[in-house]
Amino acid sequence: MKVAELASKRPVTIFMLLLVIVFLGFVSFTHLKLDLLPHFEYPFAVVVATYMGAGAEEVEQLVTNPLEEYIATTPGVRRFTSTTMDSFTFIFVEFEWNVNPSEAVGRLSRYVGLAKQFLPEKVNPVVVEFDPSILPVYAFSTKDYQKVLNEIRRLPDVASVDLMGAPSKVVRVLLDDEKIKALDVDPSLIETILSGNFVYPFGQVKDEQGNVYTVSLDGKFESIADLKRTIVGFRGVKYQSIVRGEVPKFLVPVRLENIASVEIVEENPKGEIRVNGEKGTIVAIYKRSGANTVQVVRAVKKLLQRSGIDYVEVVNQAYYTERAIVNLLKNLILGFFAATLVVYLFLNDVTSTLVTSFSIPLSLTTTFVLLYLFGINLDTLTLGGLIMALGMLVDNSIVVFENIYRHRMLGEDISTAAREGTREVWYAILASTLTTVAVFLPIVFLSGFVVRLFRYFVLSFVLALSSSLFVATVMIPAATKWIKPKERPWMRKLQEFYASALEKCLSRRGLVLTVSLVLVAFSACYLASKPLGFLPEFQTNLMVIEVRMPPQASYEMTSQAVQEIEKYLLENKQRFNILSFYSDIGITSVYSQILGKDQNVARIMVNLGGKRQEFSKNKEILRREIEAMKIPNARVEVLQQSQQIYEVLGYPITVVLKGEDLDELQRRAFEVAEKLSALKGVVRVAVRNTYEKEVLKVKIDRNKALMSGSVPGQVFLDLQAYLLGKELGTVKTPEGVLPIVLRRAGELTVDDLPKLQVSSLMSVTLLGAISRMEKKNIPSIISHENGERVMYVDVQVVKGSIGEVTSRVEETLKGMELGSVGFELTGQKQYMDEALSDFVYMLVVAVLLVYMILAAQFESFTLPFVIFTTVPLSLFGVALAMIVRGYSLDVPVLVALITLVGTVVNNAIVMLTRVEDILREKPLREAVLEGAKSRLRPILMTTLTTVIALVPTALTRGEGAEIEAPISWVVIMGLLISTFFTLFVVPIVYELIRERIRV
C-alpha cells in the first residue's frame, strides 16, 4: 500500500493534516443545529373553508362534498379526512411520501380553485402546507407582553406570534329599546345611517392646469365622541312615512348617545386562559418551517431575560430536546473512554492505546464535518447512529494496528511493516465496512414515514464508518514508529486455550452444529411468535389533563370544574415538582376550533421538573389521583402526550366506522367502544367527535311573517343585531383602532327570544308571533374519510404491543353485527404495517448486497455462505435480548437486527481472510487453527470495544433512551453471541465446505 508506506515516512505531515480535520470538525459541531427529531418535509396539507351562519350538515353538502370531489382527483393524494362543523370545514390531506410537498400543495391549490365555482358565494377555501410547527415551540405568560411582542416577531426564525387569552376589545353600540320607543325613532334606519364608515377611492379629476387628483370619499368616524354625536334619526320619522313622502317640516334630530350606550368593552368570550390558577395571557411563538426548535427557543429566552419582564414559561419544546441531546452526548463520551479502556487491556501500552483510540474522536470529527456539509441536524437519531458506530470506529484501526504489530514482532522495519501490514488486511477491512454500510443502502429507495425518520440514523452511522476506514488507512501506518511490540502473557495463554478448545470442537463437529441449529431454530420460532410493536412512547415532562363537560355547558361552567383540578395542583405543586401549568378553557384560538373543541372542553398543560425518572414517576401518581377525582358532570382524562412524531401518527389503533346514517354510525361507535374497552391490553378507548349537541331551532312561518309585514331576510338581519352584532367598520380610540359592533340587546336568555321585536312594513312584530321554537339534537361535527361519512373509535392507550392488541381488536370487530356500517383499522397500526413491509424489503436486499460484496472479496460463490452462518446464529442473541428486556418486535429492534446483518459478518471476514492466506502454505486443519488463533485478539478487541461503547447508552434511563436503549441492547447481545459462534462454529463450517467443495 503506497499510501500506508508514504504515511509511515511522513508522520508529522499526516498528523498535522488530521489536526486540521479535528479543528474543522469542532467548528462544524458548534454550527450543527439541535433538534429532537430530524427535520424533513411532511407530505400533508390542510384545506380550510368558512361558510358563516351555516349548520354542519349544510356546510357538508354545500362546501365539504364539492371540495372533496376535486381533492380525490388530485394526483399524488394518498388519503384525506375532513371535519365539518357549524360555519367551518377542515380537510386534512395526506400525499404519497415520495412526492415533493411544495409541488403537491401547488397542485392541490389548483384543483381546489376549480372547485370554487361550485361553492356558495363568499366561500373562499384556503390551502396551507401542514407542518408540526403549527404547534407553538415556546409559550409564556406575562402581563407586560406589549413590551416584547414586536421584538419577538422580528426574530429571524419566528414565523408568527399568537396571543391566547388576551381580551379582544370592541366599541360596542348597545341600543336601548326603551329610549328608542320614548324618542319615537325607527330602529330599522339606525344601521343604514351609521353605514359608510370607511374611506373609498373614486377615480381621478383634473384641474385647470391639467394636474391629476385622486378623489377619495371619507365617511369614517373621527373618534368615539364623533360616533356618539352622530344623528341616527328624527323623532316621529319612520321608514314607512319616508316611503309615502310624509316627512314633517320640523325635524327633531336624535343622536346616537340619546338612544344607545357607546363604550369600549371586551368582546363576548367563548373561553379563557388561566396560568397557575389565575386568569392570564399567553404569548405563543411559532417557528417558520425548517427552523431549528432549540435555536428559536434560545433566542426568545435570551430576549425575555434582556427585557427584564416577569414571565412564566408554559410551553418549551426545546426542554426535552436539549436534555435528550446532552444525555446522548454524555453516553458518547462515556462510550469513548470505555472503548479506550478495552484497547489498553489488550495492548498493554499507553502510546499504542492512544494511537489506536485516537481513531474514534478523529472519525467523529470527520463525521461532524460531513454532517455539516450535507446539512444534517444533530438530533436523537443522528446521535444514535454515531453511538451505534462508536465502538466500530476503532475496529478498522485495531485490525490494521494488530497486523502492523505482528509484522513489527517479526522484526521488519517501520516502512515495510506499515506497507505490508496494511496491504494484507486492507481488502478485509474494506469488505467489512462495505457489508456494514450496504445493509442500509435499500433505505435510499424507500419513502415511508418511519424509513425516512431512521434515514438520518443510517446516514450518520454510514458516514462515521466511512470516516473510520480513511483514518485506519492513513493514521495507523503514520504511527508505526510508535507501535512497540509488547505481548501480554494472559493473551498468549488465552490464544492457546482457544486453539485447544477449537481443536476439540473440530473433532466434534456434528455435536456443535446440532446444538447451534437447535438454538437458531428456537430463536427463529420465538421471534416469529413475538407480537409486532411500533415506536416506543417518548416520556416527556409535559402532562395533559382533559376536562369534558356536557355538550350544552358554557365555558364558565367548564371553568368551574377546572378550578377544582387547579386547586389540587397548587396544593401539591412542591410534592410533584410542578414548574407551571395553564388551562385552555373553551374556544381560545382558531387552532382549538380546528381540533373540534367547544366551550365544554378544557385542557390543562402541566410542566413537571426533575430528571426523567422523577417526572415519569410523578406523572403516573398524578394521573391516578387526578382521574380519581369526582367532579360533578365532568369527565376527566389524562392524555398521552408525546412529541412531534405522535402529532403525525395518531393513536395506537383507530377503528374507522363508515356509513351514511349519522345516528347509526354514532350508535355503532359506542357499541364498538364498549366491546374494545373490555379487551386485554386496551387501557383507554374513546369515541371521537360525538355530535350530541342540543340547539334551539327557530323555524320562521313565512305566511305569518308576510301577513305581519315581515320577510325572512329582514328577520335574519334583525336577529343578527340581537345575537351576533353587526360590524360597522372601525374607529380610532385611546386603546387603538377598534371595530364598531352594533347590538340591540345585552345577554339574552331562552325566554327572551319570543319577545324580540323584528321590523315590519306595517308595525313592529314579535319573533314569537311569526315563528315556532323547539330544542333539537343536530350533528355539530361530521367527519369524512376519502369522501365517506365516518366516525372514529380511538384506542388511545394500550398495554403491550400494538400488534398483539390489534389482533384482538380485529377478531372482536369481525364477530360484531354492525349492520350497514363498515370498518377499517388505521392509526399507528397502519404505519407499523408499512414499516414492517419496508424492513422486510431492506433485510432481503441487504442480504443479497452483503453476499455480492463477499463473493467479490473472496472471488468465490461458496465462501460467502460460510460467513453468512453468523447472521442466523446472531438471532439467538436478539431473542435473548428481547426475553431479558421484555421488548416486542418493534422498529428499534428491527433497526438493530438490520445493523447486526452487516456487522456480525465482520469477524468472520477477518478470520477467514487470514485462514485463506495460510492455506496456501499449510494443510487445512492447521491453517484453520493457526488463522483462527492469530485473529483471536482483533476479533475480541473489535467486539468488546463495540459492546462496551454501547453499554452507557443501553443502561441510560435519561431522555432519549426510548429508541437508543433497545437498539443498543439488541446489538450488544447479538454481537456477543455471534462472536462466540464465529470463533467456534464458522471454522467448523469452513472446514466442512473446504473438504467437499472447491471455493
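1. **Ground rules.** Local features in this predicted model need pLDDT of at least 70, side-chain atom pairs count only at pLDDT 80 or more, and totals for chains, interfaces and linings use all residues. Residues are numbered from 1 along each chain as its sequence is written, and side-chain values use heavy atoms, with hydrogens and water left out.

2. **Salt bridges overall.** There are 33 salt bridges in the structure. The term stands for a side-chain nitrogen of Lys or Arg within 4 Å of a carboxyl oxygen of Asp or Glu. One network of salt bridges links E620, R623, R624, E627, E637 and R684.

3. **K658 and E824.** These two side chains form a salt bridge at 3.4 Å, N to O. The pair ties together distant parts of the chain, 166 residues apart: K658 sits in strand β21 (residues 653-658) and E824 in strand β31 (residues 822-826). Helices (H or I, at least four residues) and strands (E, at least two) are DSSP runs, numbered from the N terminus. K658 counts as buried because its relative accessibility is 18%. E824, at 29%, counts as partly exposed. The cut-offs are under 20% relative accessible area for buried, over 50% for exposed, and partly exposed in between (1.4 Å probe, protein chains only).

4. **R808 and E804.** The N to O distance is 3.6 Å. R808 is partly exposed at 21% relative accessibility. E804 is partly exposed too, at 35%.

5. **E930 and K922.** The side chains of E930 and K922 meet in a salt bridge at 2.5 Å, N to O. E930 has a relative accessible area of 29%, so it is partly exposed. K922 is also partly exposed, with 29% relative accessibility.

6. **Helix α3 against α4.** Two packed helices are described by the angle between their axes and the distance between the axes. For helix α3 (residues 56-72) and helix α4 (residues 101-115), the axes come within 9 Å and cross at roughly 140 degrees. Axes are lines fitted to C-alpha atoms, for helices over the stretch in contact, and angles run from 0 to 180 degrees between N-to-C directions. α3 is therefore oblique to α4. Angles under 35 degrees count as roughly parallel, over 145 as roughly antiparallel, 65 to 115 as roughly perpendicular and the rest as oblique. On the α3 side the contact uses P66, L67, Y70 and I71, and on the α4 side L108, Y111, V112, L114 and A115. Contact means heavy atoms within 4.5 Å. By class, the contact of α3 with α4 has nine nonpolar, no polar and no charged residues. Ala, Val, Leu, Ile, Met, Phe, Trp, Tyr, Cys and Pro count as nonpolar, Asp, Glu, Lys and Arg as charged, and the others, Gly among them, as polar.

7. **Helix α15 against α36.** The axes of helix α15 (residues 380-390) and helix α36 (residues 961-996) are 10 Å apart, at an angle of about 20 degrees. The two are therefore roughly parallel. The crossing is right-handed. T380, L381, G384 and M388 of α15 meet I963, E964, I967, S968 and V971 of α36. This contact has five nonpolar, three polar and one charged residues.

8. **Helix α16 against α18, and S468.** Helix α16 (residues 395-409) packs on α18 at about 25 degrees, with the axes 8 Å apart. That makes α16 roughly parallel to α18. N396, S397, V400, F401 and I404 of α16 face L465, S468, L469, V471, A472, I476 and P477 of α18. S468 lies in helix α18 (residues 449-478). S468 is buried, with 0% relative accessibility. Leaving out residues up to four places away in sequence, S468 touches S363, M392, L393 and N396.

9. **L532.** This residue lies in the loop between α20 (509-529) and β17 (542-548). L532 is partly exposed at 24% relative accessibility. L532 and I802 are 270 residues apart in sequence, yet 6.5 Å apart in space, C-alpha to C-alpha. Beyond neighbours within four places in sequence, L532 contacts S801, I802, G803, E804, M832, L836 and L889.

Conventions
Left-handed = near helix turned anticlockwise from the far one by under 90°.
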